[in-house]
Amino acid sequence: MSDSKNGASPVAKEVIALPAIAMSLLQTLVFVVDRIMLGHHSPTSLAAMQLAGPVEWSVLSVFLAFEVGTLARVGKLVGQGNRTQARRAAIVSMGLALVLGLGLVALAPLVRAAIPHAAPHASPEVRRAATDYLEVTLVASPFAFLGAVCIATLQASGDTRTPLFIGSLANAVHIGTNRVLILGAFGIPALGARGAGISTALTFALETALGLLALSRLGRPVSLRRTKDSRAGSRRRYGVELASIVRVGWPAMLERVVYHVGFLGYVGIIASLGDVSMAANQSLISVESVCFLSADGFGTAAASIVARRLGAGKRDEALAAAWLAARWAVLLLTTFGVLLLLTRTLWLPLFSSDLEVTRVGASTVPVLAFAQPFMATGIVLSQSLRGAGQTRVALLVSLAGALIVRLTFTWLFVLKLGLGLPGVWMGSTADWMVRSALLVVVGAKQRKPKQDIQT
């Protein structure tokens with residue numbers, strides 16, 4: 001991923017295209033509003049999301065790893081102008097989404113049963129609220145997976161505006177149903193965490209319906225509607241697409257398993273600090289998610305451009321896109337970090353009126369701000385590698401960062417040095433620092449013309 005001044009100009013507008021970033025910020029807004037509503041329902045509901053949120057995110061993220069293969073494969077085929085094959089890849093991905101989603105529904109009871117063992121130090125009320133949330137959202141997994149594949153297919157084809165429209169409409173509905181179901185309205189009792197779960201499940205279903213509707217239109221680079229050319233497909237050709245997606249997707253799945261095993265261990269350390277630190281951490285994560293998903297927006301744009309440019313044989317433009325996206329993300333996240341640090345006394349009380357929760361949160365914000373440029377670099381460059389099909393490299397970087405560095409340093413800072421919640425964030429910052437350094441080194445070596453894996 002070496003920089004190229006000549007290649008930067010053709011891709012600059014796509015890299016800084018606002019729809020992908022706005023889509024991520026929209027998701028963040030809903031996440032933040034969720035936490036504010038849950039905090040106003042009760043501290044127990046807010047703390048419960050420290051358990052349920054990471055579990056849901058980890059499980060869905062691992063099972064959705066094949067989405068990486070979808071983006072890389074569909075993007076490359078679109079870049080080659082092969083719409084028929086891109087359609088097959090999209091259909092195969094959707095079939096895989098349904099199969100894995102139903103598999104997760106079958107495993108949902110085991111996931112819920114693991115909650116007490118994952119956080120033995122949390123109060124029974126917090127564990128019960130977390131289980132209430134997961135009982136609903138895990139059953140909605142098929143919708144979550146199918147909707148995510150629809151969005152990935154649209155983005156891989158170069159369409160970022162339609163996902164933004166879908167996200168805007170779905171999230172507006174989500175905020176409204178959250179208000180009714182979490183806090184109660186129109187004769188409906190306040191359901192707290194369970195209400196948040198029901199609202200999330202409804203949002204998954206709506207996004208899926210809108211995504212399928214968008215992809216059913218003729219004239220798109222990737223359309224699910226059958227044409228004369230698409231009827232010539234065979235089972236063997238669909239099997240080829242499945243093999244291509246799995247070949248790129250399995251290292252991504254293993255990477256996410258590694259990352260989330262480490263992350264759940266990290267969550268266990270947070271839970272050992274008690275309900276106050278768990279609630280304060282949710283406040284910090286809610287706000288930092290603005291930064292994280294902004295970088296993810298740049299990363300998604302970069303991954304799509306990388307896949308399509310490599311498919312079209314324009315490697316210099318693909319490499320330039322990755323570096324340009326990383327630079328913009330670093331600039332944006334660094335600015336966010338400084339603003340969050342300067343305004344921490346204003347936004348922390350929005351999540352909780354408990355003075356101890358806000359005090360613990362305020363002591364941790366400087367570490368959050370310091371981490372932003374490293375997180376931006378790590379997110380964008382790893383996404384770019386996945387768009388190029390280099391999922392094995394991303395796997396090795398995650399292995400070093402999430403499983404080794406994060407757990408080791410968090411254990412050291414929290415359990416040995418007794419630094420509390422700031423120590424937790426020091427551990428995650430160490431992870432991002434190591435990860436970004438490794439990715440920059442890998443990017444500097446991307447000079448040979450055939451570094452990308454054939455997808």
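A crossing of two helices is called right-handed if the near helix is turned clockwise from the far one by less than a right angle. The views below come from a predicted model.

**Figure 1. Overview of the helical protein.** The predicted model contains 17 helices and 0 strands. Of its 455 residues, 59% count as buried. Among contacts in the protein with a separation of 6 or more, 84% are accounted for by residues 24 or more positions apart.

**Figure 2. Helix H12 and its bend at Glu288.** Helix H12 covers residues 275-311. At 1.5 Å a residue, its 37 residues should span 54 Å, and the end C-alpha atoms lie 50 Å apart, which agrees with that expectation. At Glu288, H12 bends by about 35°. The helix is mostly covered, since 32 of its 37 residues are buried. Just after H12, Gly313 adopts a positive phi of about 80°.

**Figure 3. Packing of helix H12 against helix H17.** Two packed helices are described by the angle between their axes and the distance between the axes. For H12 and H17 (residues 420-444), the angle is about 30° and the axes are 11 Å apart. The crossing of this pair is right-handed. On the H12 side, the contact is made by Ser277, Ala280, Asn281, Leu284, Ile285, Glu288 and Phe292. Leu421, Trp425 and Trp432 make the contact from H17.

**Figure 4. Packing of helix H5 against helix H8.** The axes of H5 (residues 83-113) and H8 (residues 141-156) come within 7 Å and cross at roughly 155°. Because angles over 145 degrees count as roughly antiparallel, H5 is roughly antiparallel to H8. H5 passes H8 in a right-handed crossing. Residues of H5 in the contact include Ala90, Ser93, Met94, Ala97 and Leu98, together with Gly101 and Val105. Those of H8 are Ser141, Pro142, Phe145, Leu146, Val149, Cys150 and Thr153.

Figure 5. Thr410 is found in H16, which comprises residues 391-416. Its relative accessibility is 0%, so Thr410 counts as buried, the cut-off being under 20%. Not counting residues up to four places away in sequence, Thr410 touches Tyr266, Ile269, Leu415, Gly423, Val424, Gly427 and Ser428.

Definitions and conventions
Residues are numbered from 1 along each chain as its sequence is written. This is a predicted model: local features need pLDDT of at least 70, side-chain atom pairs count only at pLDDT 80 or more; totals for chains, interfaces and linings use all residues. Side-chain values use heavy atoms; hydrogens and water are left out. Helices (H or I, at least four residues) and strands (E, at least two) are DSSP runs, numbered from the N terminus. The expected span of a helix is 1.5 Å times one less than its number of residues. The bend at a residue is the angle between axes fitted to the seven residues ending there and the seven starting there. Buried means under 20% relative accessible area, exposed over 50%, partly exposed in between (1.4 Å probe, protein chains only). Axes are lines fitted to C-alpha atoms, for helices over the stretch in contact, and angles run from 0 to 180 degrees between N-to-C directions. Angles under 35 degrees count as roughly parallel, over 145 as roughly antiparallel, 65 to 115 as roughly perpendicular and the rest as oblique. Contact means heavy atoms within 4.5 Å.
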